[in-house]
Number of protein chains: 2
Amino acid sequence: MNRDSLTVAVVGATGVVGRTMIQVLNERDFPVGELRLLASGRSAGQTVSIDGRTLEIGEAVPSAFDGVDVALFSAGADVSRELAPAAVAHGATVIDNSAAWRMDPSVPLVVSQVNADDLEGHAGIIANPNCSTMQLAPVLMALRDSVGLERVIVDTYQSVSGTGADALAELEGQIRAHVSGEPKQSSVYPHPIAFNALPEIDVFLPNGYTKEEWKIVSENRKILGLPELRISCTAVRIPVFVSHSEAVHVETREPVTPERARRLQNRGASSATKSRPSTRSPLSP
Amino acid sequence: MNRDSLTVAVVGATGVVGRTMIQVLNERDFPVGELRLLASGRSAGQTVSIDGRTLEIGEAVPSAFDGVDVALFSAGADVSRELAPAAVAHGATVIDNSAAWRMDPSVPLVVSQVNADDLEGHAGIIANPNCSTMQLAPVLMALRDSVGLERVIVDTYQSVSGTGADALAELEGQIRAHVSGEPKQSSVYPHPIAFNALPEIDVFLPNGYTKEEWKIVSENRKILGLPELRISCTAVRIPVFVSHSEAVHVETREPVTPERARRLQNRGASSATKSRPSTRSPLSP
């Protein structure tokens with residue numbers, strides 16, 4: 001791998017996340033030699049315009065990964081399950097944004113500020129977590145390393161961007177329907193999301209949590225290296241376009257003053273999230 | 001007090017809550033003989049139309065309570081603080097929807113399904129709690145009486161209706177601004193509420209909680225008769241027009257199966273709120 005100039009593939013390049021990946025690669029001056037944009041057969045052949053350049057979308061098939069150094073996958077779990085091993089076989093290191101590989105014991109699940117060490121000895125696929133986990137893990141890490149985590153409760157306020165471009169269009173359409181007095185049309189979500197709160201993100205699992213909630217529970221446990229961590233979650237979709245919020249309640253093992261907790265949090269979270277300053281007393285009355 | 005036909009005053013009759021009170025009195029065939037609608041001097045003289053009848057708004061002054069049996073107050077804490085004792089002196093029983101009297105030890109704070117017994121021996125003023133407390137107390141009561149409450153964490157998803165008519169108009173205006181591509185104007189809230197989540201309801205107190213959050217903590221303790229209850233809260237305003245939601249996490253004193261918790265909840269909450277069925281395992285992994 002020539003680190004001065006990498007061939008980077010983005011799988012799912014036409015999606016909201018894929019397009020943001022490309023934008024961030026540009027913003028950060030990531031040393032991209034060749035940028036290979038890939039998507040399902042349906043989108044292949046389309047073009048996207050990036051910084052004035054027009055790039056064609058190629059079809060995401062195994063041979064498309066020939067010569068690719070890093071493949072960023074964000075085209076859903078099915079595509080990742082099928083294509084990531086093929087990309088690895090063709091020599092790429094896969095960074096997978098889907099849920100396909102996250103809980104595989106042989107795949108590191110990494111938030112760069114928290115557990116970069118887990119990257120050692122990866123076998124070609126590196127997973128990154130669910131969006132709600134990603135922004136929470138650095139905050140929890142700071143407490144884990146200083147005062148210990150006894151129990152964590154997370155309630156989310158998740159934006160529609162997390163579902164994808166179709167959902168953003170659905171919210172926009174419902175807003176316009178509201179203004180023009182038409183009925184709101186829903187197909188992405190089971191109910192209107194405009195001016196509503198939906199405590200049902202993804203399907204319900206037999207344990208009573210939704211799949212989204214269980215991701216937050218199990219992915220945080222894995223990233224933090226605390227498989228027994230007592231953590232619970234209610235995940236709620238709200239009518240916000242972009243940016244997830246979370247209300248997080250933590251019981252620590254050792255006492256911690258609000259001031260110290262805030263200092264630790266700001267340090268841990270500096271590059272990942274912005275916390276509302278909290279000077280709250282502990283739970284006891 | 002002639003229970004066959006009561007003279008009922010509604011103070012704050014032009015507000016969102018006042019108008020809903022009048023509507024509910026009608027819907028429930030409450031035995032209203034005379035309905036006296038009162039408001040501040042600014043609104044006095046206006047008329048409102050109810051079921052085809054046009055009623056004039058009188059000015060909320062002490063003498064307006066002559067002959068009133070029940071006075072429903074919803075015109076803010078300042079009005080209640082000033083006028084409720086005067087209404088009592090004129091012979092009325094005040095049911096106060098503001099925060100003015102809730103935490104006064106001589107005033108019962110009542111949710112009818114939970115602590116109607118506390119009405120005994122009231123001295124003229126009866127307080128009802130904050131909207132977020134009102135819908136939560138019956139659920140907590142059911143657990144308190146069966147398995148005991150060890151700890152409660154509540155995160156709210158509160159609608160704009162709780163702030164009042166100005167806020168509903170502000171949300172509507174911001175939605176229309178979004179559609180027409182104009183900047184969003186905010187004056188009721190410190191930031192746009194449309195397509196946003198505001199974790200700041202009312203002012204911050206020295207203890208780090210907002211006033212709204214502290215109401216939920218202290219009012220639940222009083223209504224449930226558990227002054228030492230370990231309860232914490234994050235209160236968040238979201239862009240929903242009407243109806244508050246809450247994510248509630250309870251640690252019980254005795255073990256309880258999800259099925260039993262659900263049965264107890266549905267019994268306790270039947271007339272107050274509708275819970276999402278939950279079959280979740282307890283927090284321990």
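This is a predicted model: local features need pLDDT of at least 70, side-chain atom pairs count only at pLDDT 80 or more; totals for chains, interfaces and linings use all residues.
User: Does Ser243(B) count as buried, partly exposed or exposed?

Analyst: A residue needs 20 or more other C-beta atoms within 10 Å to be buried, and 12 or fewer to be exposed. Ser243(B) has 15 C-beta neighbours inside 10 Å, so it counts as partly exposed.

User: Which residues of chain A does Val236(B) touch, not counting residues up to four places away in sequence?

Analyst: Val236(B) is found in the loop between β10 (231-234) and β11 (245-252) of chain B. Val236(B) has 22 other C-beta atoms within 10 Å and is therefore buried. Its contacts in chain B include Asp155(B), Gln158(B), Ala197(B) and Pro199(B). From chain A, the residues it touches are Tyr157(A) and Ala247(A).

User: How far apart in space are the C-alpha atoms of Val236(B) and Glu212(B)?

Analyst: Along the sequence, Val236(B) and Glu212(B) are 24 residues apart. In space, C-alpha to C-alpha, their separation is 9.5 Å.

User: Now for helices: how is α5(A) oriented relative to α5(B)?

Analyst: Two packed helices are described by the angle between their axes and the distance between the axes. Here the axes of α5(A) and α5(B), each covering residues 165-180, come within 10 Å and cross at roughly 115 degrees. Angles of 65 to 115 degrees count as roughly perpendicular. That makes α5(A), relative to α5(B), roughly perpendicular.

User: How many nonpolar residues are there in the contact of α5(A) with α5(B)?

Analyst: The crossing of these two helices is left-handed. Ile175(A), Arg176(A), His178(A) and Val179(A) meet Ile175(B), Arg176(B), His178(B) and Val179(B). In the contact of α5(A) with α5(B), two residues are polar and two are charged, while the nonpolar ones number four.

User: What is the handedness of the crossing in which α4(A) passes α6(A)?

Analyst: The axes of α4(A), residues 131-144, and α6(A) come within 10 Å and cross at roughly 45 degrees. That makes α4(A) oblique to α6(A). The crossing of α4(A) past α6(A) is right-handed.

User: Which residues in α6(A) are met by α4(A)?

Analyst: On the α4(A) side, the residues are Ser132(A), Thr133(A), Leu136(A), Ala137(A), Leu140(A), Met141(A) and Arg144(A). By class, the contact has seven nonpolar, three polar and three charged residues. Those on the α6(A) side are Lys215(A), Ile216(A), Glu219(A), Asn220(A), Ile223(A) and Leu224(A).

User: Turning to chain B, how are α4(B) and α6(B) oriented to each other?

Analyst: The axes of α4(B), residues 131-144, and α6(B), residues 211-224, come within 10 Å and cross at roughly 45 degrees. This crossing is right-handed. With that angle, α4(B) and α6(B) are therefore oblique.

User: Which residues touch the most other members of the largest nonpolar core?

Analyst: This core has 149 residues. Val11(B), leaving aside its neighbours within four places in sequence, is in contact with residues including Leu38(B), Ala60(B), Phe73(B) and Leu83(B). The residues that touch the most other members are Ala9(A), Val11(A) and Val11(B).

User: In which loop is Phe195(A) found?

Analyst: Most residues other than glycine have a negative phi. Phe195(A) has a positive phi of about 60 degrees although it is not a glycine. With 23 other C-beta atoms within 10 Å, Phe195(A) is buried. It is found in the loop of chain A between α5 and α6.

Methods: Residues are numbered from 1 along each chain as its sequence is written. Chains are lettered from A and ligands numbered from 1 in the order in which they are written. Axes are lines fitted to C-alpha atoms, for helices over the stretch in contact, and angles run from 0 to 180 degrees between N-to-C directions. Helices (H or I, at least four residues) and strands (E, at least two) are DSSP runs, numbered from the N terminus. Angles under 35 degrees count as roughly parallel, over 145 as roughly antiparallel, 65 to 115 as roughly perpendicular and the rest as oblique. A crossing is left-handed if the near helix is turned anticlockwise from the far one by less than a right angle, and right-handed if clockwise. A nonpolar core is a set of buried Ala, Val, Leu, Ile, Met, Phe, Trp, Tyr and Cys residues joined through C-beta atoms within 7 Å. Two residues are in contact if their C-beta atoms, placed from the backbone, lie within 7 Å. Ala, Val, Leu, Ile, Met, Phe, Trp, Tyr, Cys and Pro count as nonpolar, Asp, Glu, Lys and Arg as charged, and the others, Gly among them, as polar.
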